[in-house]
Amino acid sequence: MQVATVNNINNTSVKKKLWKNPVRDTGYAAAVFGISSGIAGAKKKIKLHKYLAYIAGIFTLAHLGIVEYYKHMKKSSKN
């Protein structure tokens, strides 16, 4: 019995998209960094608290920007 060679390997199952749902992912990232910032602030680690707050703010702005973009695209597609 002969075994067929495997020449066509489907790489789509190996490759994963990093951002499957950018609205969900940026929202969770903003929440995680915001909570981490609060914990660092409570433990008096002010430098870490400040950096985590900046990162949380960046993710929050990205989240709001993506949501507004989707809202705009949905509104313009109805016209």
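Biologist: Is the crossing of α1 and α2 left-handed or right-handed?

Modeller: A crossing is left-handed if the near helix is turned anticlockwise from the far one by less than a right angle, and right-handed if clockwise. Here α1 and α2 cross in the left-handed sense. This is a predicted model, where local features need pLDDT of at least 70 and side-chain atom pairs pLDDT 80 or more, while totals for chains, interfaces and linings use all residues. Residues are numbered from 1 along each chain as its sequence is written, and side-chain values use heavy atoms, leaving out hydrogens and water.

Biologist: At what angle do the axes of helix α1 and helix α2 cross?

Modeller: Angles run from 0 to 180 degrees between N-to-C directions, with axes fitted to C-alpha atoms, for helices over the stretch in contact. The axes of α1 (residues 22–42) and α2 (residues 46–78) cross at roughly 160° and come within 8 Å. That makes the two helices roughly antiparallel (under 35 degrees is roughly parallel, over 145 roughly antiparallel, 65 to 115 roughly perpendicular, the rest oblique).

Biologist: How many aromatic pairs does the whole structure have?

Modeller: Rings of Phe, Tyr and Trp (its six-membered ring) pair if their centres lie within 6.5 Å; planes under 30 degrees apart are stacked, over 60 edge-to-face, the rest tilted. A search finds 2 pairs. F33 and F59 are stacked, at 5.6 Å centre to centre with 5° between the planes. F33 sits in helix α1 and F59 in helix α2, 26 residues apart. Y69 and Y70 are tilted, with 6.0 Å between centres and 45° between planes.

Conventions: Helices (H or I, at least four residues) and strands (E, at least two) are DSSP runs, numbered from the N terminus.
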